[in-house]
Amino acid sequence: MENNGTDVRELPFYSTIKVHRLMCLELLKFHDKISQIFSAIESARPRCSSGIKALSLLQVSMDKAKLIVRVCSDSSKLYLAITGEKILSKCKKIRDALDSCLSQIQNLVPLLLAAKISVIIHGLRSAKFQLDSADSEAGNVVITLLKQDVTAASTVNNKGLEALQLAALKLNITSPFALLIEKKCIKKLLDSVKDTDPKKKKILKYMLYLLRKYGELILQCQTEGSFSQPEGYMNDLRLEVSNVSIGSSVNTHDSDLADVKVGHDFNNGHAQMNKESPNVHYSANTNSNELDFLSTLANLSWGSQSKAVEDVKNKLEGHEQEYHGMNFYDIVKPLIKFLTDASTLCDAIAQRIGAEVLLAIMIKNRSEMPSFQEDAIYVLTSFLDSEITGEVLPIIEMLSCEQHCKSVMLASGILPSILKVLETQITEFQILATKILCNLTRDCDMDIGYHMVYLDYISKLVQFLDDRALAPYCIEIINNLCNFDDARVALAENVEGIASIGRLLEVGTKEEQEHALNILLLLCHEGAEYCKLVLRESIFEYVLHISVIGDSRAKAIAIELLQLFKHATNDNSSKPLAVNAGLNVGMSSDSKAKKSSSKLFQFLGKGRKHHFSKNQDNISWKNRWIN
């Protein structure tokens with residue numbers, strides 16, 4: 001796919017990708033990761049000829065990746081479907097080129113940057129590119145239809161019409177507006193095809209002819225439900241299209257929608273339709289059908305879709321009961337498509353209403369969470385950086401509680417988006433974002449932990465530890481992350497972060513104090529140097545205080561910390577520290593805690609427990625314990 005001088009613009013939202021979504025999202029994932037370190041690679045200045053060449057080829061490969069995503073967002077769905085194998089091949093070549101370039105650059109940059117590159121290389125080598133099943137099925141059907149080599153003067157038989165119906169259904173060409181967009185895209189492709197590619201021109205002309213002649217019949221058959229899958233067409237598949245190139249089919253992003261007229265121009269983001277699809281009516285008058293109706297949403301014009309979703313929203317707000325015994329997949333899927341279409345049309349009002357309906361359905365069915373496919377999660381996470389951030393965050397927060405959604409969210413690129421939300425200075429957004437991170441990091445795997453450290457989440461989270469609204473969530477996230485070595489190292493390098501954790505031992509709730517103590521314990525177990533780093537931050541007095549008056553678990557952790565402090569002052573090695581077997585974090589018995597506390601104060605040379613005062617000199621307390 002040659003660029004031919006075409007400007008490679010900013011990448012589209014995930015939700016605008018029409019066809020081959022899985023492959024495009026995989027490309028976007030690696031494009032985003034490389035983009036985050038590209039300036040650092042340039043700053044490292046790999047000046048040897050091989051380094052300069054590798055850096056240049058890396059940029060070219062990234063531009064090719066963007067161009068594929070752009071084409072799959074802007075071009076004809078039918079044409080993209082029949083060229084799926086060619087796009088798959090190009091994606092694999094881009095993956096291999098990125099791998100080759102980064103492998104060369106890795107040996108020419110500082111070690112820390114090389115480590116980050118190594119992680120990306122590992123991801124590239126394990127990446128799998130595959131065709132979406134619906135796109136592949138649609139492409140096979142259209143290819144079989146094209147094999148008939150029907151001329152524009154002939155007609156299509158019933159099987160051919162059924163094949164076209166199936167392809168349109170699989171590619172979501174299911175409304176008058178979607179049909180008009182598809183015809184517009186094919187015409188635009190035709191305008192860009194050169195006379196040197198007559199095969200491509202012939203294919204495009206035939207597809208345009210089919211849509212012009214049978215478009216209304218296709219939509220009508222879908223609306224009436226008179227559709228059966230053409231088995232004969234699925235048995236006879238491949239048309240040789242190796243000579244058909246995608247080409248640089250997109251010149252401008254805006255022209256796809258800007259010139260489309262559906263009854264009238266776009267008005268404030270709403271596409272007006274003069275004519276409704278035949279035999280289509282909607283009603284949301286009763287509880288039993290108000291959600292079922294959403295499954296037929298795509299059969300309406302855009303204006304009617306928006307009105308219908310708003311009516312459903314009002315109905316849902318008026319009823320408190322949960323909805324049971326329904327196929328929520330059939331409801332979630334059309335809502336996600338509605339949100340995607342609204343984003344394409346820049347209709348923020350419709351997006352907001354659609355998100356509110358989806359959230360309402362989820363809230364009313366907490367005990368039976370609707371099923372979300374991977375593609376739906378990708379779409380929702382893409383809206384975190386949009387005009388409806390506030391409406392999408394609660395949806396993501398609920399989904400982040402579901403274990404099966406966590407890995408999909410990570411793959412969708414949610415972590416960089418959440419980082420942007422934390423920078424918004426909008427407290428409501430920040431609270432929801434930290435709740436999401438809490439859910440994602442509970443019992444998380446190494447991938448989530450590493451990515452958060454890689455994105456420098458530690459330094460961002462410690463900034464919020466002095467914010468009483470965000471501290472409860474941030475300290476838990478840091479505690480969860482500290483199960484990973486890289487996170488502990490990152491925290492140890494953040495001196496102000498350790499000081500902020502220490503302050504929570506004084507002002508935090510019991511739960512916050514316990515998280516803070518556990519973080520410090522994990523740090524101190526790394527070695528004497530870590531213990532001394534903690535001691536330099538005036539944390540000793542708070543730990544000692546909790547060892548006296550804290551609850552059983554907090555006492556146990558505090559006492560073990562004090563033992564590590566004492567051991568560290570007599571040990572100059574950097575080996576991990578261990579303490580007596582009876583003083584582990586898991587100690588839960590009150591009697592054990594009291595016994596340990598008694599031993600502590602005997603060691604201090606006192607016959608009774610002391611009333612702790614913050615005004616007492618910290619150094620004298622520390623010296624009395626460690627000397």
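Trainee: For residues 224–288, how many contacts beyond four places in sequence does the model have?
Mentor: This is a predicted model, and it has 156 such contacts for residues 224–288, although pLDDT stays under 50 over that stretch. Residues 573–622 also have pLDDT below 50, with 81 contacts beyond near neighbours in sequence.

Trainee: And what is the mean pLDDT of the protein chain?
Mentor: The mean is 75, and 73% of the residues in the chain reach 70 or more.

Trainee: Changing topic, how many disulfides are there?
Mentor: The count is zero.

Trainee: Is cysteine 405 buried or exposed?
Mentor: Cysteine 405 is buried, at 1% relative accessible area. Cysteine 48, with 33%, is partly exposed.

Trainee: Now to isoleucine 117: in which helix does it lie?
Mentor: Isoleucine 117 belongs to helix α5, which covers residues 111–126. Its relative accessibility is 0%, so isoleucine 117 counts as buried.

Trainee: Which residues does isoleucine 117 touch, leaving aside those up to four places away in sequence?
Mentor: Isoleucine 117 touches Ile37, Ile41, Leu102, Ile105, Gln106 and Val109. As for glutamine 106, its C-alpha atom is 6.3 Å from that of isoleucine 117, and the two are 11 residues apart along the chain.

Terms used:
Residues are numbered from 1 along each chain as its sequence is written. This is a predicted model: local features need pLDDT of at least 70, side-chain atom pairs count only at pLDDT 80 or more; totals for chains, interfaces and linings use all residues. Side-chain values use heavy atoms; hydrogens and water are left out. A disulfide is a pair of cysteine sulfur atoms within 2.5 Å. Buried means under 20% relative accessible area, exposed over 50%, partly exposed in between (1.4 Å probe, protein chains only). pLDDT is the predictor's confidence in each residue, from 0 to 100. Contact means heavy atoms within 4.5 Å. Helices (H or I, at least four residues) and strands (E, at least two) are DSSP runs, numbered from the N terminus.
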